[in-house]
Amino acid sequence: MNHKRGFAAFIAAFVFIFFFEFIWHGMLMKSSYLETASLWRSQPVFPLLMLGQAVVAFAFTGLYVSKVGVNCPVTGAGYGVVIGILCAGGDLIRLAVQPITVKILCLWIAGGLIEFALAGALVGAIYKPLSNSTVA
Amino acid sequence: MKRFVLAFIGAYVFTFLWGWLLNGVVLNDVYAETATLWRPRSEMMSLFHWIVIGQALVILAFVMIYACGFAGGGVIAGIRLGIMLEIAAIGMHLAIYAVWPYPGKLIVYGSIAGLIEMVITGAIVGAIYKPRTTASA
């Protein structure tokens, strides 16, 4: 495992997730959240939000580095799509139990798929296995 | 493919029963304390098919990842995948807690239960799924 490249991929994934979610949730979906304002905190707990994003980026990158480990953006994007599908499952369950709107659900699913596909492409582009390691 | 389907079914049945036991029985009181955050029970029942589809998507993605990167590793590899995915899920729980007025104990209980669920799901998938040909580890 190439720890230096893996760490660089983690940092890139975290920075990307932070900015993507700021634009997607903070700007594009702002009106949808205002329509359902009673569901949300009036002010997000930003340190926890960033810690959560960092943990997601760490696990997302760690799984790719340890088990996929290929220097290929397309492979990374495919991996990201599978993670996006996993998250979409969670979003569907959330729709059934919490009073979110179908519009929010659709934007969450689309956002998750785009976010993880791009994050995966980024990780796949940055990570390079060590020359003597076996590529699965 | 047969093993893939069997692993999916085995893990799905466990996840469905675990979800019912945890959310429908064990955490019932916690949910009752935060009733304003949830749909009324009758509404949940009318949307129950989305829970079934959502759980199926989660398990499908789990088995796909296992088959692509962990196959041949058996139960231990499945448990490792479960732990790695639950670490990501805990990150998502933290982000959800940051924007949703959940009580902290619900996040803690959910994360502990999620870890147990993912470990057992991984063990089931690892025990059932076998790669088509004998893979060299």
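**Exercise 1. Determine the handedness with which α4(B) passes α5(B) in this predicted model, and describe how the two helices are oriented.**

Solution. Step 1: the crossing of α4(B) past α5(B) is right-handed, in a model that is predicted. Step 2: two packed helices are described by the angle between their axes and the distance between the axes. For α4 (residues 48-70) and α5 (residues 74-99) of chain B, the angle is about 125° and the axes lie 11 Å apart. Step 3: angles of 65 to 115 degrees count as roughly perpendicular and those over 145 as roughly antiparallel. The helices α4(B) and α5(B) are therefore oblique to each other.

**Exercise 2. Identify which residues of α4(B) and α5(B) meet, and classify them.**

Solution. Step 1: α4(B) contributes F62(B), I65(B), Y66(B) and F70(B). Step 2: facing them in α5(B) are A77(B), G78(B), L81(B) and L85(B). Step 3: the contact comprises seven nonpolar residues, one polar residue and no charged residue. Glycine counts as polar, and G78(B) is among the residues of this contact.

**Exercise 3. Characterise the side of chain A that touches chain B.**

Solution. Step 1: 31 residues of chain A are in contact with 33 residues of chain B. Step 2: α3 (46-68) and α4 (73-97) of chain A each supply at least two residues of this side. The largest share, 13 residues, comes from α3(A). Step 3: by class, this side of chain A holds 23 nonpolar, six polar and two charged residues.

**Exercise 4. State the predictor's confidence in the complex and in chain B.**

Solution. Step 1: the complex receives an ipTM of 0.88 and a pTM of 0.89. Step 2: chain B has an average pLDDT of 90, with 96% of its residues scoring at least 70.

Key:
Residues numbered from 1 in each chain as written. Chains lettered and ligands numbered in written order. Predicted model: local features only at pLDDT ≥ 70, side-chain atom pairs only at ≥ 80, totals over all residues. Contact = placed C-beta atoms within 7 Å. Helix = DSSP H or I, 4+ residues; strand = E, 2+ residues; numbered from the N terminus. Axes fitted to C-alpha atoms, helices over the stretch in contact; angles between N-to-C directions. Parallel < 35°, antiparallel > 145°, perpendicular 65-115°, else oblique. Left-handed = near helix turned anticlockwise from the far one by under 90°. pLDDT = per-residue confidence, 0-100.
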